[in-house]
Amino acid sequence: MLTYSFPQHIRVRGRMAGAVAGCLRKTVMSRVPDPIPPEISGHGADNRPHVAYLPLLDAGHPDAGGDVLGVGLLVPDGRTDLVAAIDAALAESFELRLPDAHLRLRRRITAGTPLEPEWWFGRARRWATVTPMVLDRFSGRDHEEVEVSRACQRVGLPEPTVVTTGHDPLVRGGAFLRPGDLARREKVPRPFTHVLLEFPTPVSGPVLLGAQRYLGMGLCVPR
């Protein structure tokens with residue numbers, strides 16, 4: 001994971017998480033020379049894992065404020081070529097054109113904070129979303145837990161033993177998003193929910209779930 005931080009004096013509220021992820025993807029695609037690898041654009045990648053564009057929220061600890069501190073680019077294992085392409089495209093800093101603001105992000109790893117990749121790579125039995133998970137299917141409120149379990153198994157995780165869903169965040173600092181705040185807006189919006197998961201054995205992160213996981217939705221933090 002490559003991480004970049006917003007200027008310390010700038011506050012980017014958690015509600016901007018989807019916009020941040022979408023703008024990050026557009027910025028990378030505008031800087032990577034053609035032909036853009038399908039694992040970067042997401043187009044034509046078929047069922048192969050591709051780059052995930054993540055808003056890194058101040059979430060998952062007792063003093064979490066919920067702001068977006070920076071961004072992360074999660075590259076599939078073993079794809080040093082993609083790391084090199086993104087590294088060359090963004091270098092040590094780049095500008096992110098958010099609605100109503102153009103902000104310069106810089107590469108920085110701050111130990112013990114969400115800007116440190118290891119924050120999201122923990123190993124735990126319990127995980128909670130910091131951005132809501134967009135469900136793959138319209139399952140109805142009574143069957144959300146079943147759909148969440150399917151989503152876990154779809155990305156290679158074991159079936160959780162406990163699934164808790166909620167409209168509001170289930171971890172301190174999680175983002176409360178409305179349909180228009182999601183990273184990708186759809187003509188027929190899919191349902192989305194925050195989730196708290198408990199697995200039978202510890203699982204290793206990062207944990208990304210749901211239909212918009214490559215745009216930072218359904219990003220989980222270990223509890």
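**Exercise 1. Where in the chain is Ala 91 found, and is Ala 91 buried, exposed or partly exposed?**

Some ground rules first. This is a predicted model, in which local features need pLDDT of at least 70 and side-chain atom pairs count only at pLDDT 80 or more, while totals for chains, interfaces and linings use all residues. Residues are numbered from 1 along each chain as its sequence is written, and side-chain values use heavy atoms, with hydrogens and water left out.

*Step 1.* Follow the chain out of helix 3: Ala 91 is in the loop between helix 3 and strand 4. Helices (H or I, at least four residues) and strands (E, at least two) are DSSP runs, numbered from the N terminus.

*Step 2.* Look at the backbone. Ala 91 has a positive phi of about 55°, although it is not a glycine.

*Step 3.* Check the accessibility. The relative accessible area of Ala 91 is 37%, so the residue is partly exposed (buried is under 20%, exposed over 50%, partly exposed in between, with a 1.4 Å probe and protein chains only).

*Step 4.* List the surroundings. Leaving aside neighbours within four places in sequence, Ala 91 is in contact (heavy atoms within 4.5 Å) with Tyr 4, Ile 86 and Arg 107. Arg 106 lies 15 residues away along the chain, and its C-alpha atom is 8.8 Å from that of Ala 91.

**Exercise 2. What is the order of the strands in the open sheet of five strands, and which strands stand at the edges?**

*Step 1.* Read across the sheet: the order is 2-3-1-5-4, and the pairing is antiparallel. Two strands pair if DSSP finds at least two bridges between them.

*Step 2.* Find the ends of that order. Strand 2 (52–57) and strand 4 (93–98) each have a single partner strand, so one side of each is left without a neighbour in the sheet.

*Step 3.* Now go through some of the pairs:
- Strand 2 and strand 3 are antiparallel and share six bridges; here Ala 52 stands opposite Leu 74.
- Strand 1 and strand 3 are antiparallel over four bridges, with Leu 2 opposite Leu 73.
- Strand 1 (residues 2–5) and strand 5 (residues 101–107) run antiparallel, joined by two bridges; Ser 5 stands opposite Arg 106.

**Exercise 3. Which residues of helix 4 are buried, and what do they pack against?**

*Step 1.* In helix 4 (residues 144–154), the buried residues are Glu 144, Glu 147, Val 148, Ser 149, Ala 151 and Cys 152.

*Step 2.* These buried residues pack against strand 7 (133–134), strand 8 (162–166) and strand 9 (192–204).

*Step 3.* Step off the end of the helix: just after helix 4, Gly 156 takes a positive phi of about 90°.

**Exercise 4. How many residues line the largest pocket, and which of them lie nearest its centre?**

*Step 1.* The lining of the largest pocket has 22 residues, of which Pro 49, His 50, Leu 74, Leu 208 and Tyr 214 lie nearest its centre. On a 1 Å grid over the protein atoms alone, probed at 1.4 Å, a pocket is an open set of points with protein on both sides within 12 Å along at least five of seven lines, and lining residues have an atom within 4 Å of a point.

*Step 2.* Revisit Leu 74, which also stands in strand 3, opposite Ala 52.
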